[in-house]
Amino acid sequence: METHKEKILVVDDEASIRRILETRLSMIGYEVVTAADGEEALNTFRDTEPDLVVLDVMMPKLDGYGVCQELRKESDIPIIMLTALGDVADRITGLELGADDYVVKPFSPKELEARIRSVLRRFDKVGSAGIPSSGVIHVGSIKIDTNKRQVYKGDERIRLTGMEFSLLELLVRRSGEPFSRSEILQEVWGYTPERHVDTRVVDVHISRLRAKLEDDPSNPELILTARGTGYLFQRIIEPGDEKY
C-alpha cells in the first residue's frame, strides 16, 4: 500500500529558493508544489489542497500577508511565513493574521524543515492527561471537544487553527497551572526559543485565542496571565470536586 505523502506548498518569488526547498523537502519525503506570487499561491492552494504552506511575505501581485488573510477565510491549514523584514513588528503581523510560525531570512533549510515537522506533528504533541474520558470539557459557555478538535461558544462553533487548538488543549489539560512562554513554545511548537522575540509567537497566539473565546478579551476570565511567569487557564472544577 502506498504511503500518503504530506504535501507542502512553497510560495516565494525567488526561483532559487523555490528550487532549493522543493529539492530538500522532496528528499525527506514530502510532496512539494510551488507558486511564484500571491495570486498563483491561492490558485495552487485550491487546486492541490496541501497540508502546509510555506509563505514568503514580500511578493508581487499579492503579498504574503494578503495570502494569509485569504487562506484563513477558508482554511485552518498550517502556515509558516518567511520574512526578510528586520522589524519585529512586521514579523508579528503575519502571526496576528493567522500564521502558525515564522522563519527569518536568510534562513537555514534545516531550521525550516524542523519547523515544518513540528507544526505537522502538532496533533500528537499534546497528551490526554487531565482530559475527561469523553474528551469533552465544559467551561461556562465554552465546550472543548478534544477528540474532534472543535470548540463551541454556546451553539456557535469557534474556528481555531490547529496550533491555536493545541495551545488551548495544553493549557486546559493542566488548568490552574502556569506555563512560561518558553515551556509553551517547547510543548506546542516543539523548539526552544533562541531569542527573546521567539516567545512573541506565544503572546500573539494567546491574544488570538482570547479574541475568539473571551467575552471581554481585554479582561480575560479563561486564559489568564501569570504575572512574572506566562499564562494559565482558569482552574476547571469537575462535578464532584467542589468540596475539599
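What span should the 13 residues of helix α1 have at 1.5 Å a residue, and how far apart are its end C-alpha atoms? The model is predicted, so local features need pLDDT of at least 70 and side-chain atom pairs pLDDT 80 or more, while totals for chains, interfaces and linings use all residues. Residues are numbered from 1 along each chain as its sequence is written, and side-chain values use heavy atoms, without hydrogens and water.

**View 1. Helix α1, residues 15–27.** The expected span (1.5 Å times one less than the number of residues) is 18 Å, and the end C-alpha atoms are 18 Å apart, which agrees. Helices are DSSP runs of H or I of at least four residues, and strands are runs of E of at least two, numbered from the N terminus. G29, with a positive phi near 110°, follows α1.

View 2. I17, R18, L21 and L25 are buried (under 20% relative accessible area; exposed is over 50%, partly exposed in between; 1.4 Å probe, protein chains only). They cover an arc of only 100° around the axis, which puts them on the same side of α1; the arc is that of the directions from the helix axis to the C-beta atoms. The buried residues pack against β1 (7–11), β2 (31–35), β3 (52–56), β4 (79–83) and α5 (109–120), with contact meaning heavy atoms within 4.5 Å. R19 and M27 are exposed on the face turned away from the buried side.

**View 3. Charges over tyrosine rings.** R115 lies over the face of Y191, 3.8 Å from the ring centre. K143 lies over the face of Y152, at 4.9 Å. The criterion is NZ of Lys or CZ of Arg within 6 Å of the ring centre and within 35 degrees of the ring normal.
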